[in-house]
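Please keep the sequence and the model in view while reading.

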Amino acid sequence: MARRKNKRQIFENIEVIDAGAKGKTIGKAPDGRVIFLPNAVPGDVVDVETFKKRTSYFEGKAIKFHKLSDKRTTPKCEHFGVCGGCKWQDIDYQYQLEYKQKEVTNNLVRLGHLELPEVTPILGSAEQYFYRNKMEFSFSDSRWLTVEEVQSDRDLGDRNALGFHIPGMWDKILDINKCWLQEDPSNDIRNAVKEFSVANGLEFFNTRNQTGLLRTMMIRTSTTGDVMVMIQFFKDDKPKRELLLDFVAETFPQITSLQYVINEKANDTIYDQDVILYKGEDHIFEEMEGLRFKINAKSFYQTNSHQAYELYKITRDFANLKGEELVYDLYTGTGTIAQFIAKHAKHVVGVEAVPDAIVAAKENAQLNGIDNVDFFVGDMKNVFNDEFIKQNGRPDVIITDPPRDGMHKDVVNQILNIVPEKIVYVSCNSATQARDLALMKDVYKIVRTQAVDMFPQTHHVENVVLLEKR
C-alpha cells in the first residue's frame, strides 16, 4: 500500500500581522492564504511548519523566530506555553486590549454589516493577574510529562498531579506549582492538598481506568474575604475523606465553606450531584454597592468580581432608567443584573433556564430586601411568548446577556414583536452578538457600544451594545 505523503510544509520568514479568532495570530503564506498560529505574537518574523491545509487557510506553528515583536512581554507564569490558559501572556497588555477592541468592531461591521456610532474605547481590567474568583483543579495519577522529562533518564518520582487539563487531552493533567489567576490562599491550598495527599497515600484519580479517590477541587474566593473549598471524591471512603478535609480545615482556618461531593459517575460535572457541607457555611457572599449575593458550590457568578461590577455599571448606564420602566432581564442567571438595576426601575422581570439559578436569584432578592423583581425559570425560546408578555406586561427596556451561542432566533423575533424602546445587549461572543443585531437592524439602531476586558491574558472579551428604536 502506498504511504500517504506528509502534507506538512515549511514557510520561511513569515511576518505575523494580526491576532485572529480564538486567540490565534495570523500570517500570510506565499500564495496569499492565511496561516493561523498558536505560538507567535503580531510583529514576529518566523518560519512556520503547517499541520493543516484548507482551501482558504493553513494552520501551523512557528518553529523558528527570526525577529521578535516589540509587542511582546515576558510571561510571568512558569507554566506558560504548556498550560492551556492565559495564552496571551506574551503580548503586552495594551496590545491585548487593542486586538480585543479590533475583534469586536470587526465582528459587528464585517459579520453583522452594522453601522456603528463612535466606538467607546475598551475598558481594561485594573487587575491583570489574580483576578478570578473561581478555579477548578483536577487530580490525576498520570501527570503530563514535558518533552525534557520524557527524554531524560532520571527517575521522575510519582506521577501525581493537581492542576489543569492539557488542551485537547481529556486524561492528561499538568501539575501546577503557581497559577497567576486566583489570589491567595488559592495556590497555598492547592499545593498543601497535593503534598498532604501524596504523603498520606490518598489515590489520585485515573480517568481512563476510573480508579482512585481524589477527582477535583474547586476554590472560590470573594471580595468580602470569604473562601470556599469543595473537593470531589470518586468513592465514599470516610476515613480518608475526613483525614484530608480535617487537614484542610485545620491548616486554612480562613476557609468559610468546606464542602465535598462523592461522584461515582464517569464525568466530573457536579450539577446532578449532592454537595455535602463539612464545615462552615454552604455558601460564600459577594458584595456590590451594598447588595449581597449568596453563592453556593453550583452557582454561576461572573468570574472576575471587580470587572463584573464595571460591566454592570456600564449596563445600568446604557439603560439610563428613570424609575418608571418595566425592564425584562433575559438570561438573568442568578439575577445579579436584575437586582443591580432594580432600584432604578419600576419593576424587573428576570428569566433563566437553570432552575437552581432562579432559586438563588429569589433568595438573594429576599436577602437584599428587593421586592420589585420577579424571576421565572424555563427555556427562553419557550417561556418568552405572547402569554408571558400578557401576564407580565410589555417591557420598556430589555437587557439580555445570553450564553456564547447568542439568542435563539425565536427570542429575537419575539423582541421584534414587542418592540421595547431600548435594548441593552451584553455579550461574551461578539460574533453571535453581530448575528443577532443584524436581525434587528431594520428596527433598531446602535447608539452606543463598549467592549469590556473581563479576562486579561486571554483573547476573550465582553461587549455591551445599546439599541434604540429607529
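## The second largest cavity

Phe293, Lys294, Ile295, Ser299, Phe300, Tyr301, Thr334 and Asn364 line the second largest cavity. On a 1 Å grid over the protein atoms alone, a cavity is a set of points where a 1.4 Å probe fits but cannot get out, and lining residues have an atom within 4 Å of a point. The space in this second largest cavity is about 30 Å³; a volume is the space filled by probe spheres set on the grid points, which are joined across faces, edges and corners. Strand β15 (residues 291-295) provides the largest share of its lining, three residues. Helices (H or I, at least four residues) and strands (E, at least two) are DSSP runs, numbered from the N terminus. By class, this lining holds four nonpolar residues, three polar and one charged. Ala, Val, Leu, Ile, Met, Phe, Trp, Tyr, Cys and Pro count as nonpolar, Asp, Glu, Lys and Arg as charged, and the others, Gly among them, as polar.

The model is predicted: local features need pLDDT of at least 70, side-chain atom pairs count only at pLDDT 80 or more, and totals for chains, interfaces and linings use all residues. Residues are numbered from 1 along each chain as its sequence is written, and side-chain values use heavy atoms, with hydrogens and water left out.

## The largest cavity

Across the whole structure, a search finds two cavities of 30 Å³ or more. The largest cavity contains about 40 Å³ of space. Its lining consists of Asn133, Arg220, Thr221, Ile284, Glu286, Ile295 and Tyr301. Two or more of these lining residues come from each of β10 (214-221) and β14 (284-288). The lining comprises three nonpolar, two polar and two charged residues.

## Helix α7

Buried means under 20% relative accessible area, exposed over 50%, and partly exposed in between (1.4 Å probe, protein chains only). In general, an α-helix has 3.6 residues a turn, so residues three or four places apart point the same way.

Just after α7, Gly369 has a positive phi of about 65 degrees.

## Phe196 and its contacts

Phe196 belongs to helix α3 (residues 186-199) and is buried, with a relative accessible area of 16%. Its contacts, leaving aside neighbours within four places in sequence, are Leu243, Leu244 and Phe247; contact means heavy atoms within 4.5 Å. Phe196 and Phe247 are separated by 51 residues in sequence, and their C-alpha atoms are 8.2 Å apart in space.

## Backbone exceptions

Most residues other than glycine have a negative phi, and most peptide bonds are trans. Asp184 and Pro185 are joined by a cis peptide bond, with omega about 15 degrees. Pro185 is placed in the loop between β9 (173-175) and α3.

Asn13 is not a glycine, yet has a positive phi of about 55 degrees. This residue is in strand β1 (residues 10-19), and Asn13 is partly exposed at 48% relative accessibility. Tyr331 also has a positive phi, near 55 degrees, and lies in the loop between β16 (326-330) and α6. Tyr331 is buried, at 17% relative accessibility.

Conventions. On a 1 Å grid over the protein atoms alone, a cavity is a set of points where a 1.4 Å probe fits but cannot get out, and a pocket is an open set with protein on both sides within 12 Å along at least five of seven lines; lining residues have an atom within 4 Å of a point.
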